[in-house]
Amino acid sequence: MKLSLDRISKNFGSQVVLHSVTASFDQVHTLVLIGPSGGGKSTLLRILAGLVPADSGTLTIDGETVRFEEEYLLKHRRRIGTVFQAFNLFPHLTALKNITLPLVRVHGLSIENAEEAAHQILKRFRLDDHFQKRPAELSGGQRQRVAIARAVAIKPRLLLLDEPTSALDPEMTAEVLEMIQELRREGRNFILVTHEMGFAREVADQVVFLAGGRIAESGSVEDVFERPASQECSEFLARVLKY
Ligand SMILES: Nc1ncnc2c1ncn2[C@@H]1O[C@H](COP(=O)(O)OP(=O)(O)O)[C@@H](O)[C@H]1O
Ligand SMILES: [Mg+2]
């Protein structure tokens, strides 16, 4: 995937959350965003997902400029799979229905085709025993895996994951990270926000360190983790890698 961010800015009221964020990647499959809490990672991901418009700047994905107007963004959102920290699934629906609902409502599949696709994907990710369970009857790890399966079921051009494991214990974190690794090996495109630094190092083609609404560092895993140029990034890494 080719991705370019040119002077993307976003304010909430008087607070500047993204300051003219600029970066460009020619060939990226897994872009990992790291940085301190409040640095603007989720806001940037929401702009990439088309969930909120940027105030100014240009976003281009594979040569196509994302227009920040509702009609365009509606179409854009249909081609992006998103998974957030927690509370992704509809609590009153089974795992199966959670996957079929967007396929039918948003993507126009027939109920039979949607169910067929949902069964296939749940089976593929070894979730077949849980078709009929509601989120409350699933473990946290299973819940996130169903959420990722739902995002993948729409055949997105890009998957955006915002701290998908931050609400999980280590064992569940591992099962979710394995699923992401499996999808990555298939060649899917990801933009991932994570605090799992070990995982970030393993999967990232490119790492962006976002702090205070600015990109303070960007480059390969080696560039960012082994020889960060900014003091902000070295201090952040020292903090998060300490324990
Ligand atoms: N919808 C919103 N309204 C007002 N302020 C927001 C909103 N979303 C995020 N912010 C603010 O923007 C800043 C960056 O937040 P966020 O993008 O969530 O950072 P991160 O994901 O890196 O922790 C924070 O100060 C946060 O309070
Ligand atoms: Mg966040």
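Reader: Which helix gives the most to the shell around ligand 1?

Author: Helix α1, residues 41-49, gives the most to that shell, with three residues. A residue belongs to the shell if its C-beta atom, placed from the backbone, lies within 6 Å of the ligand, and helices (H or I, at least four residues) and strands (E, at least two) are DSSP runs, numbered from the N terminus. This is a predicted model, in which local features need pLDDT of at least 70 and side-chain atom pairs count only at pLDDT 80 or more, while totals for chains, interfaces and linings use all residues. Residues are numbered from 1 along each chain as its sequence is written, and chains are lettered from A and ligands numbered from 1 in the order in which they are written.

Reader: And which residues surround ligand 1?

Author: Ligand 1 has around it Phe12, Val17, Gly35, Ser37, Gly38, Gly39, Gly40, Lys41, Ser42 and Thr43. Sorted by class, the shell holds two nonpolar, seven polar and one charged residues; here Ala, Val, Leu, Ile, Met, Phe, Trp, Tyr, Cys and Pro count as nonpolar, Asp, Glu, Lys and Arg as charged, and the others, Gly among them, as polar.

Reader: What does α1 lie across?

Author: Helix α1 lies across β1 (3-12), β2 and β4, and runs at about 60 degrees to β2. Such angles run from 0 to 180 degrees between N-to-C directions, with axes fitted as lines to C-alpha atoms, for helices over the stretch in contact; contact means that two C-beta atoms, placed from the backbone, lie within 7 Å.

Reader: In what order do the strands of that four-stranded sheet come?

Author: The order is β2-β1-β4-β5 in an open sheet with antiparallel pairing, where two strands pair if DSSP finds at least two bridges between them. At its edges are β2 (15-25) and β5 (64-65), each of which pairs on one side only. Strand β4, residues 56-61, is joined to β5 over two bridges in the antiparallel sense, and Ile61 stands opposite Glu64 in β5.

Reader: Stepping back, how many helices and strands does the chain have?

Author: The chain has nine helices and ten strands. Its radius of gyration is 18 Å, close to the 18 Å that the globule rule gives for 243 residues, so the chain is as compact as a globular protein of that length; the radius is taken over C-alpha atoms, and the rule is 2.2 Å times the number of residues to the power 0.38. Along the principal axes, the C-alpha atoms fill a box of roughly 50 × 45 × 35 Å. Of the contacts with a separation of 6 or more, 67% are between residues 24 or more positions apart.

Reader: What about the sheet of six strands, what is the order there?

Author: That open sheet runs β6-β7-β8-β3-β9-β10, and its pairing is mixed. The edge strands, each pairing on one side only, are β6 (80-83) and β10 (214-219), and from one strand to the next the twist averages 15 degrees. Helix α5, residues 140-153, packs on this sheet, touching β6 and β7 (158-162), and its direction makes about 170 degrees with that of β6.

Reader: How does β3 pair with β8 and β9?

Author: Strand β3 (residues 30-34) pairs with β9 (residues 206-211) in the parallel sense over four bridges, with Val32 opposite Val207 in β9. Four bridges also join β3 to β8, again running parallel, and Leu31 stands opposite Ile191 in β8.

Reader: Why is β9 described as largely enclosed?

Author: Six of the six residues of β9 are buried, so the strand is largely enclosed by the rest of the structure. A residue is buried if 20 or more other C-beta atoms lie within 10 Å of its own, exposed if 12 or fewer, and partly exposed in between, with C-beta atoms placed from the backbone. Gln206, Val208 and Leu210 point one way from β9, and Val207, Phe209 and Ala211 the other way.

Reader: What joins β9 to β10?

Author: Five bridges join these antiparallel strands, and Val208 stands opposite Ser218 in β10. The hairpin that they form has two residues between the strands, and there Gly212 takes a positive phi near 55 degrees.

Reader: Last one: is Lys155 buried or exposed?

Author: Lys155 counts as exposed, because it has 10 C-beta neighbours inside 10 Å. Its place is in the loop between α5 and β7.
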